[in-house]
Amino acid sequence: MSTPDHRGRRIEVQVNVGLCRSCKICVEFCPEEVLVARPPLFVAEVARIEACTGCRMCEFLCPDWAIFVDVRGPAGRKPSRIVTVGGC
Ligand code: SF4
Ligand code: SF4
């Protein structure tokens, strides 16, 4: 699911339901309450994509790499402030 924010960025949050183990860590730690986990399976769902800031907290904290966050600039490019860490 994706949304353009007020700066023209397009933010996309994807949950891979095949990898999600319903731990609800992402739901608890999302500062904007974007994510929910409903019964009976409690798999994470994107409920309020319009509130997402693209902070990637959910992606960083998910122990099963089940959430992917993509933030693109107005021209469709990655904003320059987004950096990859841990590379060679
Ligand atoms: S943190 Fe990951 S495994 Fe846990 S509920 Fe969220 S998406 Fe699923
Ligand atoms: S990127 Fe941040 S605001 Fe958006 S769903 Fe993940 S934790 Fe919540």
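Trainee: Which residue in β2 is the bridge partner of P4?

Mentor: It is R10. Please keep in mind that this is a predicted model.

Trainee: How many bridges join β1 to β2?

Mentor: Three bridges join them, and the two strands run antiparallel.

Trainee: And what is the strand order in the open sheet?

Mentor: The order is β1-β2-β5, with antiparallel pairing. The edge strands are β1, residues 2-4, and β5, each of which pairs on one side only. From one strand to the next, the twist averages 10°.

Trainee: Let us change topic. Which residues touch the most other members of the largest nonpolar core?

Mentor: They are C26, L35 and I67, in a core of 16 residues. Two or more residues of this core come from each of β2 (10-15), β4 (44-46) and β5 (67-72).

Trainee: Which element gives the largest share?

Mentor: That is β2, which contributes three residues.

Trainee: What does C26 touch, leaving out residues up to four places away in sequence?

Mentor: On that basis C26 touches L35, A44, C58, L61, C62 and I67. Two of these contacts, L35 and I67, were named with C26 among the residues that touch the most other core members.

Trainee: Where is C52 placed?

Mentor: C52 lies in the loop between β4 and α2, the latter spanning 57-61.

Trainee: Why is C52 classed as buried?

Mentor: Because 25 other C-beta atoms lie within 10 Å of its own, and a residue is buried if that count is 20 or more.

Trainee: What does C52 touch, again without residues up to four places away in sequence?

Mentor: C52 touches T3, I11, V13, E32 and V34.

Trainee: How far apart are C52 and L35 in space?

Mentor: They are 9.3 Å apart, C-alpha to C-alpha, with a separation of 17 residues in sequence.

Definitions and conventions: Residues numbered from 1 in each chain as written. Chains lettered and ligands numbered in written order. Predicted model: local features only at pLDDT ≥ 70, side-chain atom pairs only at ≥ 80, totals over all residues. Core = buried A, V, L, I, M, F, W, Y, C linked by C-beta atoms within 7 Å. Buried ≥ 20, exposed ≤ 12 C-beta atoms within 10 Å, placed from the backbone. Helix = DSSP H or I, 4+ residues; strand = E, 2+ residues; numbered from the N terminus. Contact = placed C-beta atoms within 7 Å. Pairing = 2+ DSSP bridges. Axes fitted to C-alpha atoms, helices over the stretch in contact; angles between N-to-C directions.
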